[in-house]
Amino acid sequence: MTAEAPLAPALHHGRLIPVTVHFDDLDALGLLHNARYPLLVERAWTELWQEKGIRFEGDWAAAGDACNAVRELRIGYEAPVTRAGTYAVHLWLERLGRTGLTYGFRFCSEDGTVTYARGSRVLVRLDAATLRPAPWSEAFRDAGRELLRPAG
């Protein structure tokens, strides 16, 4: 199978986080398994939020903004990843609401110029005691604003 991965526009928003595809991430055809894309995206987001001081350390009551749940995940596969190695995930926020957010992502080449998959995910901040939606903290909102994609 040969497919040309689409070239991406220059990176003008969000962050590019390096990720590693290992040999055992590939399926029987030698392609990155479809279930690995969301996992690698999650690892990239975890790294980014940890850089900003937002992390889960085993206590949901103390987790604050790290206490959240996925409401929706969408992903489109544009070209196959056919080998192990270093790639990147381009991350940004599309929307930052009071209790939820939508982020966009691209699974791409290490330099961000070639796109293999893209998608979005909706998260809802939860109250640890009730598991009902709760507002993001101001510190989280400040960190999130840096990642918002410009309108237009």
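## Exposure and the Glu-57 pair

A residue counts as exposed when its relative accessible area is over 50%, as buried when it is under 20%, and as partly exposed in between. Glu-57 has 69% relative accessibility, so it falls in the exposed class. Keep in mind that this is a predicted model.

Glu-57 has a salt-bridge partner in Arg-55, with 3.8 Å between the closest N and O atoms. Arg-55 is partly exposed, because its relative accessible area is 35%.

## The nonpolar core

Now for the inside. The largest nonpolar core holds 37 residues, and Trp-45, Leu-91 and Phe-107 have the most contacts inside it. At least two core residues come from each of β1 (15-21), α1 (36-51), β3 (85-96), β4 (100-109), β5 (115-125) and α2 (138-145). Helix α1 gives the most, with seven residues. As background, nonpolar side chains tend to be buried together in soluble globular proteins.

## Strand β5 and its partners

How many residues of β5 are buried? Ten of the eleven are, so the strand is largely enclosed by the rest of the structure. Strand β2 (residues 68-77) pairs with β5 in the antiparallel sense over nine bridges, and Arg-74 stands opposite Ser-120 of β5.

β4 and β5 also pair in the antiparallel sense, over nine bridges. Here Thr-102 has Val-122 in β5 as its bridge partner. The β4 and β5 hairpin has five residues between the strands, and Gly-112 takes a positive phi near 80° in this hairpin.

Arg-121 sits in strand β5. Is Arg-121 buried or exposed? Its relative accessibility is 12%, and the cut-off for buried is under 20%, so Arg-121 counts as buried.

For a contrast in setting, take Thr-130, in the loop between β5 and α2. Thr-130 has 48% relative accessibility, so it counts as partly exposed. From Thr-130 to Glu-42 the C-alpha to C-alpha distance is 24 Å, and the two are 88 residues apart in sequence.

The salt-bridge count comes to twelve. One of them joins the side chains of Lys-52 and Glu-146, at 2.9 Å from N to O. Lys-52 is in the loop between α1 and β2 while Glu-146 is in the segment after α2, so this pair ties together parts that are 94 residues apart in sequence. Lys-52 is partly exposed at 28% relative accessibility, whereas Glu-146 is exposed, with a relative accessible area of 58%.

Over in helix α2, Asp-142 and Arg-145 are three residues apart, about one turn of the helix. Asp-142 and Arg-145 form a salt bridge, with their closest N and O atoms 2.6 Å apart. Asp-142 is partly exposed, with a relative accessible area of 45%, and Arg-145 is partly exposed too, with 40%. Both belong to a network of salt bridges that links Glu-138, Arg-141, Asp-142 and Arg-145.

How values were computed
Residues numbered from 1 in each chain as written. Predicted model: local features only at pLDDT ≥ 70, side-chain atom pairs only at ≥ 80, totals over all residues. Heavy atoms only, no water. Core = buried A, V, L, I, M, F, W, Y, C linked by side-chain atoms within 4.5 Å. Buried < 20%, exposed > 50% of the residue type's maximum accessible area, 1.4 Å probe, protein only. Helix = DSSP H or I, 4+ residues; strand = E, 2+ residues; numbered from the N terminus. Pairing = 2+ DSSP bridges. Salt bridge = Lys/Arg side-chain N within 4 Å of Asp/Glu carboxyl O.
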